[in-house]
Amino acid sequence: MFCIHFSNRSEAVIFYNAIVSEQKLWLFKEQGDRYEVKLISTSLSGTAYVESIRAFLQLIRKRKMLGWMEGVLKHKYYYQDDQEIQRILEIARDFEDKPPSGLKLPPIYHYIRAFIQDYLIARTFVKFDDMSAECLQAAHACIIEYTGKVIDEYKQEESYQLLLDSWRHRVHDQDTGIQLMHLLDQDGLIYFHDEGNPISESETRLYMRQYPDKSIDDLPLEWPVTTALVHSPDQLVIYSDESNDSNLELLMNIFEEKASWRPKSQFPFKMA
């Protein structure tokens, strides 16, 4: 008989529920503060062995990994601010579901799986707390590298947020003399003066020189958001029937109450 001891009931339940196809061979036992999951009348081999590896990997990822990463953040990377630590761990959770495209992450779960495979061979009794601690200690160097990748993503997010804040300050504080601009979503994003004539690139270049700002100096003119940031009108009216355009969402986020959204049918000018 193969037996696993847990000190935490939730962890025992997670493991037991993870043994899906082989659950009929397992028994969940609870006595006081002792929780055990036992394999009935057979050794840990075949499908039961494979299911155990998968269940242990799932449990370590769900219950132990982030706690270990928190220790790495505090003692290896010297983060102390609780809000910063929690935000980095939130990003790590997002990595679980969908890591950023193009980012090469260290194969941490490959190492954890390999450790579990070796650890379970020829054993009849496992203390989950001991096993998980040994497992994560064995993968410690990889966890440090993995955590570093998450920190890099956090720093990029932090830098982007600072840039967003600087753009918000510009459009709310910079007086360029433009009261109202219209933005039409029509085969691309087209900006118009309040008189109905389109805004040209030469005008945008001129305003970029007249109202310089480090936050917009390097923005490409072909980026649809640049014109709005450079001209910084008191009001920006967006005419679009698309609710999930990333550039329009960004403009609404930057301009806040200075921006309004209307259907294309309300665009007040005739297109040439």
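This is a predicted model: local features need pLDDT of at least 70, side-chain atom pairs count only at pLDDT 80 or more; totals for chains, interfaces and linings use all residues.
1. Overall dimensions. The radius of gyration is 28 Å, whereas a compact globule of 272 residues would have one near 19 Å. Along the principal axes, the C-alpha atoms occupy a box of roughly 85 × 40 × 35 Å.

2. Secondary structure and contacts. The protein contains 10 helices and 8 strands. Of the contacts between residues at least 6 apart in sequence, 68% connect residues at least 24 apart.

3. Burial and surface. Buried residues make up 41% of the 272 in the protein.

4. Charge. There are 43 negative side chains and 30 positive ones. The centres of the two sets are 9 Å apart.

5. Aromatic pairs. Searching the whole structure gives 15 aromatic pairs. One of them joins Trp167 and Trp223, with 5.7 Å between the ring centres and 45° between the planes, a tilted arrangement. This pair links distant parts of the chain, as the two residues are 56 apart. Trp167 belongs to helix α7 (residues 140–173), and Trp223 sits in the loop between α8 (201–210) and α9 (226–231). Trp223, at 22%, is partly exposed, because the buried class requires a value under 20%.

6. A stacked pair. Tyr207 and Tyr211 also have ring centres 5.7 Å apart, but their planes meet at 25°, so this pair is stacked. The cut-off for stacking is an angle under 30 degrees. Tyr207 has a relative accessibility of 18% and so counts as buried.

7. Aromatic cluster. One aromatic cluster is formed by Phe2, Phe6, Phe15, Trp26, Phe56 and Phe128.

8. Tyr78. Which phi value does Tyr78 adopt? Its phi is positive, near 60°, and the residue is not a glycine. Most residues other than glycine have a negative phi. Tyr78 is placed in the loop between α3 (65–75) and α4 (82–97). With a relative accessibility of 63%, Tyr78 is exposed, because the exposed class begins over 50%.

9. Ala122. A positive phi of about 65° is also found at Ala122, again not a glycine. Ala122 is in the loop between α5 (108–120) and β4 (125–127). Its relative accessibility is 78%, so Ala122 counts as exposed. A reader checking the backbone of the model could look at Tyr78 and Ala122 together.

10. Glu153. This residue is in helix α7 and is partly exposed, with a relative accessible area of 26%. Apart from neighbours within four places in sequence, Glu153 contacts Ile91, Phe95 and Pro100.

11. Thr147. Thr147 is buried, with a relative accessibility of 0%.

12. Glu134. Helix α6 (residues 128–138) holds Glu134. At 41% relative accessibility, Glu134 is partly exposed. Leaving out neighbours within four places in sequence, its contacts are Phe115 and Tyr119. Phe115 is 19 residues from Glu134 along the chain, and their C-alpha atoms are 9.0 Å apart.

Conventions
Residues are numbered from 1 along each chain as its sequence is written. Side-chain values use heavy atoms; hydrogens and water are left out. Helices (H or I, at least four residues) and strands (E, at least two) are DSSP runs, numbered from the N terminus. The radius of gyration is taken over C-alpha atoms; the globule rule is 2.2 Å times the number of residues to the power 0.38. Buried means under 20% relative accessible area, exposed over 50%, partly exposed in between (1.4 Å probe, protein chains only). Contact means heavy atoms within 4.5 Å. Lys and Arg count as positive and Asp and Glu as negative; His and the chain ends are not counted. The place of a charge is taken as NZ of Lys, CZ of Arg, CG of Asp or CD of Glu. Rings of Phe, Tyr and Trp (its six-membered ring) pair if their centres lie within 6.5 Å; planes under 30 degrees apart count as stacked, over 60 as edge-to-face and the rest as tilted.
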